[in-house]
Amino acid sequence: MASFNLYSRGDRIFGYANATLIGLFVLSTLYPFIYILSVSISSGAAVTSGQVVLLPKDLTLAAYEFVLSDRLFWIAYGNTFIYTFGGTAVSLAIMIPGAYALSRARLRGRKILNMMVAFTLWFNAGMIPFFLNMRDLGLLDSRLGIIIGFACNAFNVILLRNFFEAVPKSFEEAAKMDGASEFQLLWKVFIPLSKPAIITVALFCIVSRWNSYFWAMVLLRGEEKIPLQLYLKRIIVDLTANDEFASSLLTSRYSFETVTAAIMIASIIPVLLIYPSIQKYFNKGITLGGVKE
Amino acid sequence: MIAGYFKRLGEDLRKDWQLYLLILPMLLWFMLFLYKPMEGLQIAFKDFSPFRGIAGSPWVGLENFRTLLGDQIFIRAFLNTITISGLGLIFAFPVPIVLAIMFNELQSELGRRFSQTIVYLPHFISVVIVAGIVINLLSPTTGVVNLILSSLGLERVYFLTQPEWFRTVFIGSNIWKEAGFESIVYLAAIAGISPTLYESARVDGASRWQMMWRITLPCILPTIIIMLIIRIGNLVEVGFEYIILLYQPATYRTADVVSTYVYRTGLQGTQYDLATAAGLFNAVIAFALVFAANRISRKVSTTSLW
């Protein structure tokens with residue numbers, strides 16, 4: 001584009017106005033995060049008396065001490081790690097070989113199988129039949145149920161399949177000449193060549209696993225198995241309505257608000273840590289994965 | 001001839017057995033977790049009792065659907081679903097388009113990258129945290145919004161207990177969470193516009209404002225139409241996992257949607273048959289809408305969803 005100086009006065013005003021508006025949008029995106037962070041490191045008394053609006057007041061880590069000394073917090077955190085990484089590993093172990101097979105023209109019934117996968121993008125049995133099915137399979141209140149029951153989804157399978165289909169034929173032919181088996185072909189040729197797509201899918205899985213709470217809430221009974229988001233949900237949503245509990249937490253050092261804010265920050269931090277790699281890959285992944293038959 | 005077919009099938013299976021072994025786990029998974037549950041859809045047409053099981057429960061035809069259509073609460077939930085989606089279409093849908101155009105007009109590459117990084121972030125935050133933030137910000141005693149209201153001498157409002165505020169809160173916080181991320185699609189479309197269009201417009205003395213309206217917007221119109229069609233196809237789907245976190249009996253009047261109705265009657269209560277019927281009712285409408293949307297998009301443009 002032409003250099004900046006060539007712009008007329010009107011254009012420059014337009015540019016400033018535009019930059020200002022974007023700045024405002026960025027600030028309003030950031031503000032809730034800063035607010036929660038400030039609440040989490042302020043004293044309970046300052047928050048309850050409405051003194052914290054942007055910056056923290058009476059700096060203290062009391063809320064974090066309270067949260068980190070809660071046994072259930074650590075159990076929930078550990079469970080989330082198991083569900084996130086165990087679940088993602090299982091997802092990849094099932095979807096990569098499956099998507100690879102679907103991408104091969106010599107697979108018989110390929111068209112029907114592809115349709116079977118794509119159909120689930122638009123229609124599924126729904127909440128109750130899925131729940132009853134999990135019950136029939138004996139997967140209620142089970143860690144295995146959470147890990148296995150949500151392992152695949154059509155979108156990710158199609159994304160991987162499209163990527164495998166785009167691998168040039170010459171790679172496959174060369175490997176076949178060397179007498180590679182189907183397993184070796186997948187492991188030594190297709191997986192290394194499809195790293196960006198696989199990492200994208202892995203990141204999708206990790207983020208959605210880390211953030212999900214609904215089915216854990218429906219399927220799990222015992223406290224020992226709940227993931228972090230469900231622990232958060234029980235404290236933030238269910239207990240906000242419960243004034244008695246909220247006021248029982250109220251001391252001058254921490255309050256219900258500072259404690260919930262501290263848990264939220266603790267749960268956001270891992271997402272922030274992998275966010276740079278998500279940024280790097282998701283643009284690629286999304287442009288690659290346009291869902292098409 | 002049939003014998004020949006099976007012979008060839010057998011040969012292929014023997015030759016490519018590894019390929020079939022690779023797809024087996026995924027095939028089993030789809031059967032077990034997505035197709036087998038469809039058997040359970042029968043109970044929408046049955047008087048289901050968990051003790052008699054699916055097969056043992058008697059058929060009742062469309063009885064459950066008749067009950068639903070006579071149920072004020074279900075009708076309300078259905079209308080709420082469409083209202084919330086419709087309002088989202090009006091207020092939330094344009095935001096990512098505007099954002100993408102604004103990002104594109106930003107001169108500083110660094111500023112653009114920084115602001116994009118920030119506005120994509122909320123998409124990756126869980127709905128539980130978003131609900132937590134909303135509850136905190138709107139708290140009647142310590143929430144910032146009410147602190148501002150009271151410092152202006154206005155009455156404090158307990159937003160989350162007021163039915164008339166629910167849609168605003170829901171759609172507003174959804175814009176905060178998703179608008180930035182959704183702008184990616186439009187930015188990709190803008191990136192595909194040929195720079196020569198802008199160059200010749202500049203030679204003709206066009207201002208940036210004019211180029212935005214006469215080049216950028218028309219060029220991304222096909223993308224906008226496709227996204228609009230997808231949205232209309234999803235008219236009966238709302239983010240119920242988020243609604244469950246924000247609503248309470250006091251706000252059911254505007255907040256209860258079909259999925260939350262299914263959750264309450266089926267999973268919190270145990271009226272499995274009625275809840276399944278409600279879910280199926282919604283799913284069939286959703287499927288028909290998506291199907292129709294795809295037909296339309298195939299006519300409007302050469303692109304279709306499948």
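The contact between chain A and chain B takes 84 residues from chain A and 68 residues from chain B, two residues being in contact if their C-beta atoms, placed from the backbone, lie within 7 Å. On the side of chain A that touches chain B, the largest share, 16 residues, comes from helix 1 (residues 9–40) of chain A. This is a predicted model, in which local features need pLDDT of at least 70 and side-chain atom pairs count only at pLDDT 80 or more, while totals for chains, interfaces and linings use all residues. Residues are numbered from 1 along each chain as its sequence is written, chains are lettered from A, and ligands are numbered from 1 in the order in which they are written.

**Contact surface and nonpolar core**

- The side of chain A that touches chain B has 54 nonpolar, 21 polar and nine charged residues; Ala, Val, Leu, Ile, Met, Phe, Trp, Tyr, Cys and Pro count as nonpolar, Asp, Glu, Lys and Arg as charged, and the others, Gly among them, as polar.
- The largest nonpolar core has 137 residues, a nonpolar core being a set of buried Ala, Val, Leu, Ile, Met, Phe, Trp, Tyr and Cys residues joined through C-beta atoms within 7 Å.
- Helix 4 (residues 71–103) of chain A supplies the largest share of this core, 10 residues.
- The core residues that touch the most other members are A:Leu160, B:Ala131, B:Ile243, B:Leu246 and B:Ala278.
- Leaving aside residues up to four places away in sequence, B:Ala131 touches A:Ile236, A:Val237, B:Tyr242, B:Leu245 and B:Leu246.

**Chain A**

- Domain 1 (4–69 + 237–272) and domain 2 (71–223) make up the domain assignment of chain A; such bounds come from an automatic or database domain assignment.
- The C-alpha centres of these two domains of chain A lie 36 Å apart.
- Helix 8 (residues 154–165) of chain A has 12 residues and reaches 16 Å from its first C-alpha to its last, close to the 16 Å expected; the expected span is 1.5 Å times one less than the number of residues.
- Buried residues in helix 8 of chain A include A:Asn156, A:Leu160, A:Arg161 and A:Phe164; a residue is buried if 20 or more other C-beta atoms lie within 10 Å of its own, exposed if 12 or fewer, and partly exposed in between, with C-beta atoms placed from the backbone.

**Chain B**

- Chain B has 16 helices and zero strands; helices (H or I, at least four residues) and strands (E, at least two) are DSSP runs, numbered from the N terminus.
- The C-alpha atoms of chain B fill a box of roughly 75 × 65 × 35 Å, taken along the principal axes.
- Of the 306 residues of chain B, 36% count as buried.
- Chain B is divided into domain 1 (2–56) and domain 2 (63–300), and their C-alpha centres are 36 Å apart.
- The contact between these domains takes seven residues from domain 1 of chain B and six residues from domain 2 of chain B.
- Helix 1 (residues 2–15) of chain B reaches 20 Å from its first C-alpha to its last, and the count of buried residues among its 14 residues is zero.

**B:Ala189**

- B:Ala189 is found in helix 10 (residues 163–191) of chain B.
- B:Ala189 is buried because 20 other C-beta atoms lie within 10 Å.
- Not counting residues up to four places away in sequence, B:Ala189 touches B:Ile220 and B:Thr223.
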